[in-house]
Amino acid sequence: MTEPSTAEAAEAAVTPAARGGGGRRSLAVGLLLGVIGASVLLLAAGKTWMHGTAAFAGGSVRVSASGSEVTALPGALALVGLAALVAVFAVRGAGRVIVAGLLALSGAGAVAAALLALSDTSALDAAASTATAVAHSSVSSSSTTAWPLVAAVGGALLLAAGIIALVRGRAWPGMSNRYDRAGAEPRPRKQRAAVVDPDRPEDLWKALDRGEDPTEAGDAV
């Protein structure tokens, strides 16, 4: 027999408790990043992302557009990310890998959508058409606020949570384990049939109360 290598011996020396501690730490970090990232995305979606100026009646009118008006993707992907974050704990094995990948994709998509919105003035043009009551009106100048970048940061946090779930998710506990153990009903213990003495009337009455046939019990004796 060959002796185990140093690396194998070191791996075997790691106790299950230590592995569980590392899993709990990565679980806490991934959960925190995911919740913060999704919350930042939802917050940023309701804030003003752009300001612009449109010509109107010899002058100009200022218009603005919120994040949800510029692009609905960051807010929608934040909800998808939250759902995936919860689902990570409800599934195991390959299912957990798939859900973790969905979480990471939600974050990456939110980052891309927030950065692409920096050069998209279609929402401002729509706001200008509404403000001036002139169809196909457009803004002559525009500026962006810091909220698109804040949304990109939120998406990056969601992406980081997905990557952590992909790399360390196999060591995370699942809800199914806990509930299976807690909800498992104990097996009913086999009860030995009471011995009925046909010569004792009280035994016959007790057997009848239990729904037994005392004649069969008497035959068995």
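**View 1. A nonpolar surface patch made of Val97, Ile163, Leu166 and Val167.** Together these residues expose about 320 Å² of accessible area (Shrake-Rupley, 1.4 Å probe). Patch members have over 30% relative accessible area and no salt bridge, and nonpolar side chains are joined within 5 Å; a salt bridge is a Lys or Arg side-chain nitrogen within 4 Å of an Asp or Glu carboxyl oxygen. H7 gives the most to the patch, with 3 residues. The model is predicted: local features need pLDDT of at least 70 and side-chain atom pairs 80 or more, while totals for chains, interfaces and linings use all residues. Numbering starts from 1 along each chain, and side-chain values use heavy atoms, without hydrogens or water.

**View 2. The largest nonpolar core, with 34 residues.** Such a core joins buried Ala, Val, Leu, Ile, Met, Phe, Trp, Tyr and Cys residues through side-chain atoms within 4.5 Å. Trp49, Val70 and Trp172 have the most contacts inside this core. Elements supplying at least two residues each include strand S1 (48–56) and helix H2 (16–45), and H7 gives the most, with 6.

**View 3. Surroundings of Val70.** Beyond four places in sequence, Val70 is in contact (heavy atoms within 4.5 Å) with Trp49, Met50, Ala65, Ala117, Asp120 and Ala123.

**View 4. Confidence in helices H1 and H7.** Helices are DSSP runs of H or I with at least four residues, and strands are E runs of at least two. Over residues 4–19 the pLDDT is below 50. Where pLDDT is low, the predicted coordinates should not be read in detail.

Notes
Buried < 20%, exposed > 50% of the residue type's maximum accessible area, 1.4 Å probe, protein only. Patch = residues over 30% accessible without salt bridge, like charges linked within 9 Å, V, L, I, M, F, W, Y side chains within 5 Å. pLDDT = per-residue confidence, 0-100.
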